[in-house]
Amino acid sequence: MQALTKRSKVVVNKQLSFVEKLYLPAILGGMRITLTHLFKKSATVKYPEKKRAISNVYRGQHVLKRDENGAERCTACGLCAVACPAEAITMLSAERKKGEEALYREEKYASVYEINMLRCIFCGLCEEACPKEAIFLTNRIVPVEFERNDFIYGKDKLVEPMEKDKRIDVSIRETTEVAEFKKHNEYGHNQVWDGSKAIDTKKKKKAH
Ligand code: SF4
Ligand code: SF4
C-alpha cells in the first residue's frame with residue numbers, strides 16, 4: 001500500500017557492527033546530549049521558593065464573593081456545579097432566616113459549598129455560569145498539600161474576608177459588557193440591599 005506521507009521509514013534488519021555491539025558510541029552520544037543540557041537555561045523553576053510571573057487573568061484558586069454590604073452573593077442555585085465538566089463542585093442549600101439578611105444576599109444560600117481542587121481543571125466555566133457574580137477564579141495558585149482531603153476547599157477557604165480592605169478584587173475578570181451592565185442601578189441584580197430594602201446607591205453617592 002502506498003504511504004500517504006513520506007515520513008515512513010523502511011526498517012531493515014541490519015546486523016550491528018563490532019563497535020556498535022560495544023555500545024560505546026551510543027553511550028558517549030547520550031552523555032554528550034546530557035552535558036550540553038548542563039549549560040542550557042533550565043526549563044523549570046524551584047517552586048515554591050521561586051515563582052513564575054503569571055497573567056492577571058490566570059485562572060487559579062476560586063473566591064466566593066460578598067456584595068458591598070458583606071453579604072454572601074451565592075444563592076446555591078447549583079448552576080456552577082451543573083456547568084462544571086469535572087464535577088468538582090458540591091453544595092447544600094439552606095433558607096435564609098429572619099435577621100440573617102446581612103449575612104446572605106438572597107433568600108437561599110449555600111450552607112455548604114465545596115470545590116475539590118484535585119478534580120478542578122480551572123476551566124472557568126463555573127464563573128461563566130454564575131448568574132449572581134458569586135464565584136470567580138483568581139490569580140492565586142492553589143497551595144501544595146500532603147493530604148487529599150486538604151484539597152477539598154469549603155466555605156472557610158472560598159468565601160472572601162468580610163473586611164473591605166481584605167476583599168479580593170476581581171474587576172480584571174469583568175468583560176466590558178458586564179462593566180457597562182453594572183452601571184445600571186435600576187436593575188435588581190446591581191442593587192445593594194440593606195436588610196430587605198434596596199439602597200439607592202446613586203442617591204447615596206450624591207449625598208457625599
Ligand atoms: S474551574 Fe472548571 S473544573 Fe474547576 S470548578 Fe470551575 S467549572 Fe469546575
Ligand atoms: S456560585 Fe453562582 S452559580 Fe454557583 S450556586 Fe452560587 S449563585 Fe449559583
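Trainee: What should I know before reading the numbers?
Mentor: Residues are numbered from 1 along each chain as its sequence is written, and chains are lettered from A and ligands numbered from 1 in the order in which they are written. The model is predicted, so local features need pLDDT of at least 70 and side-chain atom pairs count only at pLDDT 80 or more, while totals for chains, interfaces and linings use all residues.

Trainee: How many residues surround ligand 1, and which are the closest?
Mentor: 14 residues surround ligand 1, counting those with a backbone-placed C-beta atom within 6 Å of the ligand. The closest are Cys84, Cys120, Cys123, Leu125 and Cys126.

Trainee: And by class?
Mentor: That shell has 13 nonpolar, 1 polar and no charged residues. Nonpolar means Ala, Val, Leu, Ile, Met, Phe, Trp, Tyr, Cys and Pro; charged means Asp, Glu, Lys and Arg; the others, Gly among them, are polar.

Trainee: How does the shell around ligand 2 divide?
Mentor: Into 9 nonpolar, 2 polar and 1 charged. Among its residues are Cys74, Ala76, Cys130 and Lys132.

Trainee: Switching to alanine 110: buried or exposed?
Mentor: Alanine 110 counts as buried because 23 C-beta neighbours lie inside 10 Å; the cut-offs are 20 or more for buried, 12 or fewer for exposed, and partly exposed in between, with C-beta atoms placed from the backbone.

Trainee: What does alanine 110 touch?
Mentor: Cys74, Ala76, Met91, Leu92 and Ser93, leaving out residues up to four places away in sequence. Contact means backbone-placed C-beta atoms within 7 Å.

Trainee: Why does asparagine 116 count as partly exposed?
Mentor: Because asparagine 116 has 17 C-beta neighbours inside 10 Å.

Terms used
Two residues are in contact if their C-beta atoms, placed from the backbone, lie within 7 Å.
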